[in-house]
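Let us walk through this structure together, beginning with the whole chain and ending with a few individual side chains. Please keep the viewer open as you read.

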Amino acid sequence: MVRTSKSIELPVLSPLDRKAGQLSRQLAQQLRESIRTGTLRPGEPLPATRHLAAALKVARGTVVEAFEQLVAEGYLESRAGGSTTVSVNLTERTAAPSAKKKSTQADAPLVRPLPATAVRYAKIAAAMYPLPAAPFAISVPAGPVAPDDTWRKLGNRIRGTVSGGPSGYAAPQGLLTLRKAIADYVRKSRSVTCTPDQVIITSGTQQGLYLACQVLLGESDQAWVEDPAYLGITSILESSGRLDRIVRLPVDEQGMIVEDGIRRAPNARVAFVTPSHQYPLGMPMSMARREALLSWAAARNAWVVEDDYDSELRYAGHPFPALQGLDSRRVVYLGTFSKILFPSLRMGYLIAPADLVPAFCGARIVMDRHPATADQHVLATFISEGHLDRHIRRIRSIYADSRSDLIKILHAHLPGHLTEVQPIEQGVHLLVWLANALDDIAIARQAAEQGVAVRALSPTYSEHCPDKRQGLILGFGGYPKDKMIAAATTLGQIIAQHARPS
């Protein structure tokens, strides 16, 4: 059984004024005030008298005298074994002042208003805060989908042979064995051309996008971004003050319309794209558009940041190879293990052209020096021993069945005259288009209040996009069928309610 400490530190105590004398009275008054304000709470233990005396550099008798006085007043209790605690009978007496103090502090106006960046970050938190693990949140590998047993066994094995707490800082790129495993994996699965030295381990795609913005974009440089797009990239650019330099390009059934970007901002520095599986609409970028994008980048000395979103999870047809494999000199490639393993792993990777690696390493050092080491060893073994390939084949089958079930469930439980279900041939989400008169943000908010987790589609569009539509983004992950039916039934009722005139 885990043993817990039976004493506490008391940083709340101020140095005693030795010139004023009566040290025991001073100590008693400080403890009394700490208890009254709730800093010391009923039932909490106090340090042993000899420990507190040593910390305060006073005689033990001084502490004993102060404790005895407070015991007599009812503030403290002496217990068997010589321990002393704050009296439990003071609960009602101390709760009110503590609550009042907390409320007063929380309600007090700020002395100085926050900068505009802080306001933007607060909006980002509201828009991107993770949804609870309930249908239809994206990327929740529930039940049989998560590789818990294999991961646990590997972890136990690896931690028995590798130092659990290595001393010193590690390389900003991450563990070499993991970078080797990733380079080999993306070469075989995505036709990516790289060496392990070009791989940088990240805490996920979001960090990769942030690093790319830091390295590739100057203060006045423009960036092409899809419209609609992943909020992660638009939030980075907007929060960094580049709002007027974001060029939002519409997408159609072939993906980003490159010609529109060349017409509006031919000298843009970077294009951010999700060519394998456009987020959130789901279509892959056609080969003609890929070639046009890479030709523009070569002609204008620009970069392409490829977020290879959900490329492993395709349910029909053969996937296009990665853009990076077509031009490894111009493309920064981003991948993640969040969707195919579990989001809490916080492990992804960035593959940079060789001449950009030092800049990305510097940006990584400034941000957080290097990724955490322990799970890198486990992931490297998970990949190199073939567990990842087997896991992907397994979850692709499970997700395909879940996707098929959800499509049928939505057709059965959503009002057909108000919704249109759009199956997507890749990834772990699909779309439900809503009638134009409906408000997807309001529907998503009410759904959350009733335990159904969905994302509104409209915030992924730019503010003035002429093609903006109302819709919902639904993940199907590893949710059991009965829970999806219950959630879809609730969601259908909410949509019907919003269609009625108020």
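What you have on screen is a predicted model. Its chain of 502 residues has 49% of them counted as buried. DSSP runs give 16 helices and 14 strands. Along the principal axes, the C-alpha atoms fill a box of roughly 85 × 60 × 50 Å. The accessible surface of the chain is about 24,800 Å², and carbon and sulfur atoms account for 53% of that area.

Now turn to the interior. In soluble globular proteins, nonpolar side chains tend to be buried together. Here the largest nonpolar core has 67 residues, and Phe-337 and Leu-341 are the ones with the most contacts inside it. Helix H14, spanning residues 387-413, supplies the largest share of this core, with eight residues. Another core lies apart from it and holds 30 residues, including Val-247, Leu-249, Leu-294 and Tyr-461.

Is Tyr-461 buried or exposed? Its relative accessible area is 7%, so Tyr-461 counts as buried, the cut-off for that being under 20%. Setting aside neighbours within four places in sequence, the residues in contact with Tyr-461 are Asp-227, Pro-228, Arg-248, Leu-281, Trp-433, Asp-467, Lys-468 and Arg-469. For a sense of distance, take Leu-131, which is 330 residues from Tyr-461 along the chain: their C-alpha atoms are separated by 20 Å.

Next come the aromatic rings. A pair of aromatic rings is described by the distance of the centres and the angle of the planes. The count for this model comes to nine aromatic pairs. One of them joins Tyr-230 and Tyr-279 edge-to-face, at 5.9 Å centre to centre with 90° between the planes. This pair links distant parts of the chain, as its members are 49 residues apart. Tyr-230 belongs to the loop between strand E4 (223-227) and helix H9 (231-239), while Tyr-279 belongs to the loop between strand E7 (270-273) and helix H11 (287-300). How do the two partners stand in terms of burial? Tyr-230 is partly exposed because its relative accessible area is 26%, whereas Tyr-279, with 11%, is buried. Elsewhere in the list of rings, Trp-151, Phe-342 and Phe-382 form one aromatic cluster.

Arg-32 is placed in helix H1, which covers residues 23-36. With a relative accessibility of 11%, Arg-32 counts as buried. Not counting residues up to four places away in sequence, Arg-32 touches Gln-69, Leu-70, Glu-73 and Tyr-75.

Finally, come out to the surface. Which residues form a nonpolar patch there? They are Tyr-121, Tyr-210 and Met-367, with about 280 Å² of accessible area together. Tyr-121 lies in helix H5, residues 116-128. Its relative accessible area of 45% makes Tyr-121 partly exposed.

Terms used. Residues are numbered from 1 along each chain as its sequence is written. This is a predicted model: local features need pLDDT of at least 70, side-chain atom pairs count only at pLDDT 80 or more; totals for chains, interfaces and linings use all residues. Side-chain values use heavy atoms; hydrogens and water are left out. Patches are made of residues with over 30% relative accessible area and no salt bridge: like charges are joined within 9 Å, nonpolar side chains (Val, Leu, Ile, Met, Phe, Trp, Tyr) within 5 Å. Accessible areas come from the Shrake-Rupley method with a 1.4 Å probe; for residues, only the protein chains shown count as cover. A salt bridge is a side-chain nitrogen of Lys or Arg within 4 Å of a carboxyl oxygen of Asp or Glu. Helices (H or I, at least four residues) and strands (E, at least two) are DSSP runs, numbered from the N terminus. Buried means under 20% relative accessible area, exposed over 50%, partly exposed in between (1.4 Å probe, protein chains only). A nonpolar core is a set of buried Ala, Val, Leu, Ile, Met, Phe, Trp, Tyr and Cys residues joined through side-chain atoms within 4.5 Å. Contact means heavy atoms within 4.5 Å. Rings of Phe, Tyr and Trp (its six-membered ring) pair if their centres lie within 6.5 Å; planes under 30 degrees apart count as stacked, over 60 as edge-to-face and the rest as tilted.
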